[in-house]
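Have the viewer open as you read.

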Amino acid sequence: MTPTPGSAPEAVVQDFADMSAALTGFLSSVLKPSLDPVGLARIYYEFALKQVGETNMSNVLSAFRVIKTQPPQTIADTLLEVNKSDPSPQANIVQSIVAMWYLGAWYRPGVKGSGGFGPTPLQVVSSQAYTNGLVWKVMQSHPMGFSPLTFGYWSQEPGPLSTFGVNTGNGGGQ
Amino acid sequence: MSADTPQQYDVVIVGAGVSGNTIAWQLGKAGKKVLILEAGVAVPDSREDYMENFYLALAKTPESPYPSIAERKSTPKGDITIADPAKLPTPRATVLGLGKGPDQSYLVQLLPTGKNAAPDQNGNVRGLQFSSTYERIGGGTSWHWLGTSLRELENDLQMKTKYGVFEDWPVTYPEMQGLWAQAEQAIGVAASTVQQEPLEGVGLKFPPGYQYPMGPIPISLVDQTISTAIAGMQVPGMLDGDGDPTMYDVFVTPTPQGRNSEPYQDRRVCAGNTNCIPICPIQAKWDPTVTLGQALDTGNVTVSYQSVAVNVAVEGLNATRIDYLVWSSDANGNITKEQKFVSAKIYVLAAHAIENAKLLLLSNNKDGICNTSKQVGCNLMDHVLYLTWALIDPNDNPIWGYRGPLATAGIESLRDGAFRKHRSSFRMEIGNEGWNFPSGDPYTTTMDFIQGTNNAQLNGKNQRLGGLALVQQLNSVLTRQFRIGVMFDQAALPQNRVTLDEKYTDALGIPRPHIDYGLDPYTMEGFRVAADVCSKIYERMGATEFTRTSVGQTGDFTYKGKDYHYYGAGHVMGTHRMGTDPDKSVVDASQRSHDVPNLWVVGSGSFPTACTANPTLTLMGLAFKSAKSILAALAY
């Protein structure tokens, strides 16, 4: 059950993917591969757009475009306002975009968890969003319930983080 | 009312789960005509339907893949809306309903009060919530069993003789060995007797030359790390020294598991999806639909789905028919029902420990049947589960959780000893899923480092991160998480019981189970010892323990000044206990009712004591025994 793709211009989706790459620490070519059967970048862009509205989304992308030539970590730190004590509403939207890539679900901007657990998302974007969550790659693993690996892999150490699509910036593994 | 069909059945079975399907298969193989009445919906054509439910569920609870009770979008306040059990034809106990009122919880029980109850004059803590859940669907709850296929220990079956507490089982250990072997073949248990040999010391015995049907599942890196770190470790049987001066060895053994290490029954080998609970996506783990298929293949077994038994009619000595409601639901959730009945020579209730008790109590106009002993619904037990979790030191290698089947090894060496005179025994299950169970990770920790919160306790500096910094931080902590779950041989207490609720019904008008529940000092003292053993293990590993408890919520209690939290293990037992004495037990060793000779009541509800192994293998073994006794009765 994948949401129907909308009509956002390809250039905007590419900007969204490039921004997301910096925010998530992954390669843009992983988030939006040239051969892309899932089309997650477009799905996420359009999903977020629907949630936060045209103005907010365009403000986020404008802020990205101003600094897009900077190093990825600088882009992430700036858009997420990591050095401010309280993130602005716009940075909260950026947080939700990061969370969507990591966890495949849309979290309401600024809504936090409590009692030992994270916030409940609005919804899981789609089953493919779940199985493409980045957090599983960050753990050098696979989504729970979606293993591309084979019998017995769990008794051996996984491959290096760099083989999971992370932008380590120096072309090497950890 | 109309009879079901012109077909004459030898046996009618209520419930298409482990026990019901096993018995149907055995009877069908012997040429007997069997009808299974299954309350819930049919087994789907493809498990992809259930996988889609799982992927889109807001909370990946054990019930999440199965017919949905929860909305897929949360409310503006961030709550998950779940269906009112009064409006469902086959509501069931769910994790999302725990601690909720009867508009959300199928089981009607006291709500958490916000503070931990004080022990009564006998030291019991009452008013707690029974926290295990179950499914009511074709295939039953074991769609989401873990696959753990341990045998019981010799002394598990003779607690009274050996330790002077509780009851002995009416089945001998040698007989159980044969029944376990049958169940292991049927399930396809992967294990090695050689690897189990170190447990001879606690009374795990195999007949000479016994071989499991397939080789073992490799243990995980988590298992390997713990096993190495605790080499040579010993702990006392009792914390305060009294009653058991022995020091006990603590060591890890691979767990016999009902998942394939090689192709078996046309099913694939395990790919380590780390999702045995709530659903194996590739059916490498055996589940009862496999056995249901074998039963149907005999050509002698019929299943009637959406058919809820409401009465077992007893005339004179014998059961004469089962009344049941066939329900259907339209697109708007409107329920229609039609009452039917069916007669046979023999009847088998295999509906689940709580549902069996409910049906026995409901029968005969709610006067109940099979209840000379007054034990129906009593002695409700679980392997109440205590969870501890820790983080490997950043200077050590990661432990690599979130990989492999959910559990591949455990600590079984503390399951038996003289301490059982005084406190509950336990087994320790090593988890391969990081802090998924205690903290809902990787979600909670990920949101912590995105939002600057500290819900999972790993973001004490309330950092907000993005980019490669986020990747590295999450990688560092998530690959170091691990947990140990401890399951207790909970005492059988008559006051822990299922009755019919007088007020709340389901959409078919059937009274719902009312639960009274609590813990006794024998069980709680086990928690105290287990907490100490876990902490010592983490200490030896140089790991930092993060176990924490809440107060006054579902599963919270205080014992000897320390707060604990228990979870349900899903091992629901005891509600129609078996025994030799009709005044003290509901069924005999064959799970045949003492009172009604053509009625069998089967499943873990028959367990007189909880024992120390996960119950599925044993309850399936008992189903084989019941099938044999039913065939003998039919031949008589």
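The dialogue below goes from confidence to fold, then to single residues.

Q: What kind of model is this, and how are residues, chains and ligands labelled?
A: This is a predicted model, in which local features need pLDDT of at least 70, side-chain atom pairs count only at pLDDT 80 or more, and totals for chains, interfaces and linings use all residues. Residues are numbered from 1 along each chain as its sequence is written, while chains are lettered from A and ligands numbered from 1 in the order in which they are written.

Q: What is the average pLDDT of chain A?
A: pLDDT is the predictor's confidence in each residue, from 0 to 100. Chain A averages 93, and 94% of its residues score at least 70. Chain B averages 97, with 99% of residues at 70 or above. For the complex, the predictor gives an ipTM of 0.96 and a pTM of 0.97.

Q: Where does pLDDT stay under 50 in chain A?
A: Look at residues 170-174 of chain A. Contact means that two C-beta atoms, placed from the backbone, lie within 7 Å. For residues 170-174 of chain A, the model has 10 contacts beyond four places in sequence.

Q: Which elements of chain B have the lowest and the highest mean pLDDT?
A: Helices (H or I, at least four residues) and strands (E, at least two) are DSSP runs, numbered from the N terminus. Among the elements of chain B, strand β1 (residues 2-3) has the lowest mean, 52. The highest, 99, belongs to β23(B).

Q: How many helices and strands does chain A have?
A: Chain A has 8 helices and 2 strands. Their order from the N terminus is α-α-α-α-α-α-β-β-α-α.

Q: What does the radius of gyration say about chain A?
A: The radius is taken over C-alpha atoms, and the globule rule is 2.2 Å times the number of residues to the power 0.38. For 174 residues, a compact globule would have a value near 16 Å; chain A has 16 Å, which agrees. The C-alpha trace of chain A spans about 50 × 40 × 35 Å along its principal axes.

Q: How many residues of chain A are in contact with chain B?
A: 54 residues of chain A are in contact with 51 residues of chain B. On the chain A side, α1 (10-24), α5 (72-80), α6 (89-103), β2 (123-124), α7 (127-131) and α8 (134-138) each supply at least two residues. Classes need a rule: Ala, Val, Leu, Ile, Met, Phe, Trp, Tyr, Cys and Pro count as nonpolar, Asp, Glu, Lys and Arg as charged, and the others, Gly among them, as polar. By that rule, the side of chain A that touches chain B has 31 nonpolar, 20 polar and 3 charged residues.

Q: What is the strand order of the open sheet in chain B?
A: Two strands pair if DSSP finds at least two bridges between them. The open sheet has 5 strands in the order β8-β3-β2-β12-β23 (chain B), with parallel pairing. β8 (301-304) and β23 (599-601) of chain B stand at the edges, each with a single partner strand, so one side of each is left without a neighbour in the sheet. The twist averages 20 degrees from one strand to the next. Angles run from 0 to 180 degrees between N-to-C directions, and axes are lines fitted to C-alpha atoms, for helices over the stretch in contact.

Q: Which strand does β3 of chain B join through 4 bridges?
A: Strand β3 (residues 34-37) of chain B joins β8(B), and the two run parallel. One bridge pairs B:Ile36 with B:Val303. Helix α1 (residues 18-29) of chain B lies across β2 (9-14), β3, β8 and β12 of chain B, at about 165 degrees to β3(B).

Q: Is B:His352 buried or exposed?
A: A residue is buried if 20 or more other C-beta atoms, placed from the backbone, lie within 10 Å of its own, exposed if 12 or fewer, and partly exposed in between. B:His352 is buried because it has 29 such atoms. Its phi is positive, near 115 degrees. B:Asn365 has a positive phi of about 55 degrees, but B:Asn365 is exposed, with 7 other C-beta atoms within 10 Å.
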